[in-house]
Amino acid sequence: MIHKHIAYYGANFKGDFSASLVVFLVALPLCLGIALASGAPLFSGLIAGLVGGLLVSFLSGSQLCVSGPAAGLTVIVFSVIEKLGSFQGLLVSVILAGVFQLILGYLRAGIIGAFFPSAVIEGMLAAIGLILIIKQTPHATGYHTSYEGDESYMQETAESSLLELVDSISHNISHGSIVISSVALCILIIWNLPRFKQYAFFKNVPAALMAVIWGIAYNQYTIQFAPEWAVSTQHLVNLPPINHPAEFVDYFVFPDFSYLTRLDTYTSAATIAIIASLETLLSLEATDKLDPLKRITPTNRELKAQGIGNIVSGFLGGLPMTAVIVRSATNINAGGRTRFSCFMHGVWLLLSILFVADFLNTIPLACLSAILLHTGYKLANPAIFKHFYQKGASQFLPFIITILAILFTDLLEGMAIGMAFGIFFVIKANYHAAITLSKKGSHYLLSFNKDVSFLNKAVLRKFILGIEENSLVTIDATKAKFIDHDILETIEDFLSTAPDDNIHIEFIEIDGYRRFSGIGEKHH
C-alpha cells in the first residue's frame with residue numbers, strides 16, 4: 001500500500017511541484033491582503049495560509065482543495081475584533097469555531113453540500129471568475145487600493161470594482177503595471193496554445209512562473225535604466241521583515257482565554273463556524289467539478305480537517321480559514337493533481353517568510369493579477385454560458401441567476417438565491433415528469449413515472465379533466481414506490497364520478513401494495 005502511494009505521488013510530482021509554486025505566488029499577497037482587510041496583524045494571514053498548506057492538506061480528503069484565509073470572512077472577522085475589543089479575543093472565537101466544525105463533521109453535516117444543483121455550482125464558479133476579472137483589471141493597471149478584495153464576495157465587491165475600474169483607467173494608471181500584466185497575460189495565453197505544448201520547454205516550465213520571472217526582470221531593469229516605467233513599492237509584494245529564522249516565533253500572537261467568560265465570544269464563534277463551513281462545502285463541490293480526474297471528496301472529513309485547522313490557527317495567532325475556490329482553481333489550472341501541491345505551497349510560504357522575504361518583495365502585483373485574470377477567464381469561459389444555454393431554461397436560468405446574485409450580493413446570499421431558483425426548476429420538472437397522460441383512440445394511459453406527492457395533485461386533476469366521455473382509462477403505477485394520500489384521494493374522487501361519463505377505469509398495481517383499499521379489486 002505504501003509503495004502504491006509513493007508511486008502515485010511520484011507519477012504526479014512534476015505537475016504538483018510546478019502547481020505548488022503557482023498557488024504559493026497567488027496565495028502570498030492574498031494572505032497579506034485579507035489580514036489587512038480584517039483589521040488583523042499581517043502575519044495572522046500568513047499563519048492561516050501555513051496551517052492550511054502544511055496541516056489541513058494532509059487531514060483533508062480532497063487532493064486539490066487549497067485551504068487558507070478567505071476574503072469572504074473579512075467583514076465578519078473585522079466586526080468580531082471590534083465587538084470583542086481585541087485580536088486575542090478573536091483568536092478564542094476562531095478556536096471555538098474550529099471545535100464547532102469538528103462537531104459538525106462528526107454529526108455528518110457535510111452532506112449539505114450534495115444538495116446544491118450542478119447549475120448553481122457552475123454558476124458560482126463562473127461568478128467567481130467574473131469577480132476575478134472585475135477585481136483584477138484595476139490592479140493589473142496599477143490601482144491597488146483594495147487588493148484584499150480580490151477573491152471577496154462582499155456587498156461592495158461588484159460596485160466598488162466597477163468604480164475602481166473607471167478610476168484606474170481615468171487617472172490612476174501605472175504604465176509599468178500595464179506593461180507587466182499585458183506581457184504576462186500574453187505569456188499565459190501562448191504557453192497554453194496546443195502548438196507550443198509539443199515542445200519540452202513549454203511543457204515542463206509553468207506559464208505562471210514565467211509570468212512572475214518576467215515581472216521581476218522587467219521591474220529590476222526599469223528601476224535601473226528607465227525609472228519612469230518602473231512600478232512603485234506599493235505595487236510590489238510586501239512581506240513583514242524577518243532577519244533571522246528565530247524571529248519567526250516573535251510574530252505569533254496567542255489567544256486570551258479570559259474571553260471564554262463572554263457570551264459574544266461564543267456567538268461570534270458560531271457565526272464564523274457556519275459561514276466558514278458553508279464556504280468550505282461550496283468550494284469543495286466546485287473543486288470536485290473542476291477536478292480532471294472527477295474524484296469525490298468526503299465532506300464530513302473536510303469539515304473535521306477545517307475544524308482542526310482553525311483550532312491550530314487560532315492557537316498560533318492566525319485568521320479563520322476555509323477551503324478557497326480561487327486558489328484551488330489556480331492549483332488545478334496549473335497542473336496540480338494530488339495533495340502534494342497543496343502541502344508544498346505551504347512549504348514555499350514558510351521558506352519565503354524565513355529566508356527570501358526581500359527577494360519576494362520584488363515581485364510586482366501586476367503579474368500576479370495577470371495569473372488571476374487568466375484563471376478568471378477559464379472559470380467564466382463563454383463556452384460554459386453557451387453550454388448551459390443549450391441545456392434549456394431549467395438549467396440556464398438557475399446558472400445565470402446564481403451569477404448575477406453573487407455579483408450583486410455576496411457568495412452566501414447569491415448561492416441562497418441560486419438555490420431557491422434551482423429548487424423551483426427541480427420541482428417544476430418533477431411536477432411535469434412524475435405523471436403523464438397518453439391517448440390512443442378512446443384508450444387513455446395515466447402513468448405514475450416516479451413517486452408522486454401532493455405537489456403533483458394539480459397536474460393530476462388537469463389530466464383527469466381532460467379525459468373524454470366513453471373512454472377506458474388505465475392507471476399504471478408500477479414505477480411509483482410511494483403515492484401521497486392527496487393523490488389517492490383525487491383518484492378515489494375520479495372513481496366515484498367516472499361512471500357518470502361512462503369512463504371505465506382499470507389499475508396496474510405495484511407488487512402487493514394495496515393502494516385503493518375499499519374501492520374494489522385491482523387489475524394487473
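Mentor: Buried means under 20% relative accessible area, exposed means over 50%, and partly exposed lies in between, with a 1.4 Å probe and protein chains only. This is a predicted model, where local features need pLDDT of at least 70, side-chain atom pairs count only at pLDDT 80 or more, and totals for chains, interfaces and linings use all residues. Residues are numbered from 1 along each chain as its sequence is written, and side-chain values use heavy atoms, leaving out hydrogens and water.

Trainee: Why is S67 called buried?

Mentor: Its relative accessibility is 3%. The limit for buried is under 20%, so S67 counts as buried.

Trainee: Where does S67 sit?

Mentor: S67 is in strand β1, residues 66-69. Strands are DSSP runs of E with at least two residues, helices are runs of H or I with at least four, and both are numbered from the N terminus.

Trainee: What makes the S67 and Q306 pair a polar contact?

Mentor: The two side chains make it at 2.8 Å. A polar contact needs a pair of N or O atoms within 3.5 Å; within protein, one must be able to donate a hydrogen and the other to accept it, and residues adjacent in sequence count only if both atoms are side-chain atoms.

Trainee: Why is I190 called partly exposed?

Mentor: I190 has 36% relative accessibility, so it counts as partly exposed. I190 belongs to helix α8, residues 175-191. Its C-alpha atom is 8.7 Å from that of A207, 17 residues apart along the chain.

Trainee: Are C65 and C31 buried or exposed?

Mentor: C65 is at 4% relative accessibility, so it counts as buried. C31 is at 0% and counts as buried.

Trainee: What makes R262 and D264 a salt bridge?

Mentor: Their side chains meet at 3.0 Å, N to O. The rule asks for a side-chain nitrogen of Lys or Arg within 4 Å of a carboxyl oxygen of Asp or Glu. R262 is partly exposed, because its relative accessibility is 29%.

Trainee: How many salt bridges does the structure hold?

Mentor: The structure holds three. D291 and R295 meet in one, at 2.9 Å, N to O. D291 is buried, because its relative accessible area is 3%. E468 and K439 form another, with the closest N and O atoms 3.4 Å apart. That pair links distant parts of the chain, 29 residues apart: E468 lies in the loop between α21 (457-465) and β5 (472-476), and K439 lies in strand β3 (residues 435-440).

Trainee: Why are E468 and K439 called partly exposed?

Mentor: E468 has a relative accessible area of 46%, so it is partly exposed. K439 has 45%, so it is partly exposed.

Trainee: What of the whole protein?

Mentor: It has 22 helices and six strands. Of its 524 residues, 52% count as buried.
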